[in-house]
Amino acid sequence: MLAGEPYLADDAEIIADLDRAAQLMESFNTSAAADPQARLAALRALLGEVGEGTWIRPPFYCDYGWQIRIGPRSFVNYHAVFLDVAPITIGADVQVGPNVQLLTPTHPVEPGPRRDKWEAARPITIGDNVWLGGGAIVLAGVTIGTNTVVGAGAVVTRDLPANVVAVGNPARPVRELD
């Protein structure tokens with residue numbers, strides 16, 4: 001799994017990591033709004049890295065948590081889904097709208113291996129000062145360049161360069177930024 005090769009997800013170590021993340025997500029997602037320090041502690045226990053001044057609004061969902069690294073001063077809005085079978089790296093000052101999905105898993109197109117439950121994953125990298133509009137979906141293996149804006153509802157299937165506005169399904173640059 002960590003090498004990006006096909007694997008079967010029924011391994012005992014993988015199941016233990018999923019269970020750990022489920023418990024920490026429950027702690028984070030049910031934490032009292034009146035106790036932001038406890039909420040932040042649960043988030044820091046769940047994720048691989050949480051930069052200074054970064055905030056995630058619950059509910060938040062992930063597979064493992066420890067493969068997610070978020071830089072400083074970033075913000076993730078309600079109902080984010082970060083499936084981190086492969087690493088998810090988010091830069092500094094990133095804004096993530098509500099209902100955004102970052103999806104690293106892949107599954108075979110061929111019916112036999114898919115029926116046999118084989119899967120794999122590819123990392124996602126989000127550069128500094130990126131804005132992912134509400135409901136955007138970023139697929140496995142994608143890198144989004146610094147300062148790029150991804151429009152609400154866009155589906156990002158390939159890398160996006162720095163300093164563009166990208167919209168649509170599949171997302172494509174429609175404007176360059178200064």
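This is a predicted model: local features need pLDDT of at least 70, side-chain atom pairs count only at pLDDT 80 or more; totals for chains, interfaces and linings use all residues.
Five strands make up an open sheet, arranged in the order β4-β7-β10-β15-β18, and the pairing is parallel. At the edges stand β4 and β18, the latter covering residues 155-156. Each of these two has a single partner strand, so one side of each is left without a neighbour in the sheet. Within the sheet, β7 is joined to β10, residues 101-103, by three bridges, and these two strands run parallel. Leu83 stands opposite Leu103 in β10.

The largest nonpolar core contains 38 residues. Those that touch the most other members are Leu47, Phe60, Phe82, Leu102, Leu132 and Ile144. Several elements give two or more residues to this core: the helices α1 (12-29) and α2 (36-46), together with β4 (60-62), β5 (68-70), β7 (80-83), β8 (88-90) and β13 (124-126). Another core lies apart from it and has six residues, among them Tyr7, Tyr64, Val85 and Ala121.

Leaving out residues up to four places away in sequence, Phe60 touches Met25, Phe28, Asn29, Leu46, Leu47, Ile68, Ala80 and Phe82. A pair of aromatic rings is described by the distance of the centres and the angle of the planes. Phe60 and Phe82 form an edge-to-face pair, with 5.2 Å centre to centre and 85 degrees between the planes. This pair links distant parts of the chain, since Phe60 belongs to strand β4 and Phe82 to strand β7, 22 residues apart. Both Phe60 and Phe82 are buried.

The other aromatic pair consists of Tyr64 and Trp66, and it is tilted, at 6.5 Å centre to centre and 55 degrees between the planes. With a relative accessible area of 3%, Tyr64 counts as buried, whereas Trp66, at 29%, is partly exposed. The cut-off explains these descriptions: a residue is buried under 20% relative accessible area and exposed over 50%, so a value in between is called partly exposed.

Helix α2 shows how buried residues can be arranged around a helix. Arg39, Leu40, Ala42, Leu43 and Leu46 are buried in α2. Viewed down the axis of α2, the buried residues fall within an arc of 160 degrees, and they therefore line one face of the helix. An α-helix has 3.6 residues a turn, so residues three or four places apart point the same way. The buried residues of α2 pack against α1, β2 (49-50), β3 (55-56) and β4.

Gln67 illustrates a buried position in a loop. This residue is found between β4 and β5, and Gln67 is buried, with a relative accessible area of 7%. A polar atom of the Gln67 side chain lies 3.2 Å from the backbone oxygen of Asp84. Apart from its neighbours within four places in sequence, Gln67 is in contact with Met1, Leu2, Asp84, Val85, Ala86, Pro87 and Ile88.

The backbone has some features that call for separate attention. Most residues other than glycine have a negative phi, and most peptide bonds are trans. A cis peptide bond joins Pro58 and Pro59, with omega about 0 degrees, and Pro59 is placed in the loop between β3 and β4. A cis peptide bond also joins Asn169 and Pro170, again with omega about 0 degrees. Pro170 is placed in the loop between β19 (164-167) and β20 (172-176).

Positive phi values are found at Asn99 and Asn163. Asn99 has a phi of about 65 degrees although it is not a glycine, and its place is the loop between β9 (95-96) and β10. Asn99 is partly exposed, with a relative accessible area of 43%. For Asn163, phi is near 60 degrees, and this residue is found in the loop between β18 and β19. Asn163 is partly exposed as well, with a relative accessible area of 27%.

Note on methods: Residues are numbered from 1 along each chain as its sequence is written. Side-chain values use heavy atoms; hydrogens and water are left out. A nonpolar core is a set of buried Ala, Val, Leu, Ile, Met, Phe, Trp, Tyr and Cys residues joined through side-chain atoms within 4.5 Å. Buried means under 20% relative accessible area, exposed over 50%, partly exposed in between (1.4 Å probe, protein chains only). Helices (H or I, at least four residues) and strands (E, at least two) are DSSP runs, numbered from the N terminus. Contact means heavy atoms within 4.5 Å. Rings of Phe, Tyr and Trp (its six-membered ring) pair if their centres lie within 6.5 Å; planes under 30 degrees apart count as stacked, over 60 as edge-to-face and the rest as tilted. Two strands pair if DSSP finds at least two bridges between them. The arc is that of the directions from the helix axis to the C-beta atoms. A polar contact is a pair of N or O atoms within 3.5 Å; within protein, one must be able to donate a hydrogen and the other to accept it, and residues adjacent in sequence count only if both atoms are side-chain atoms.
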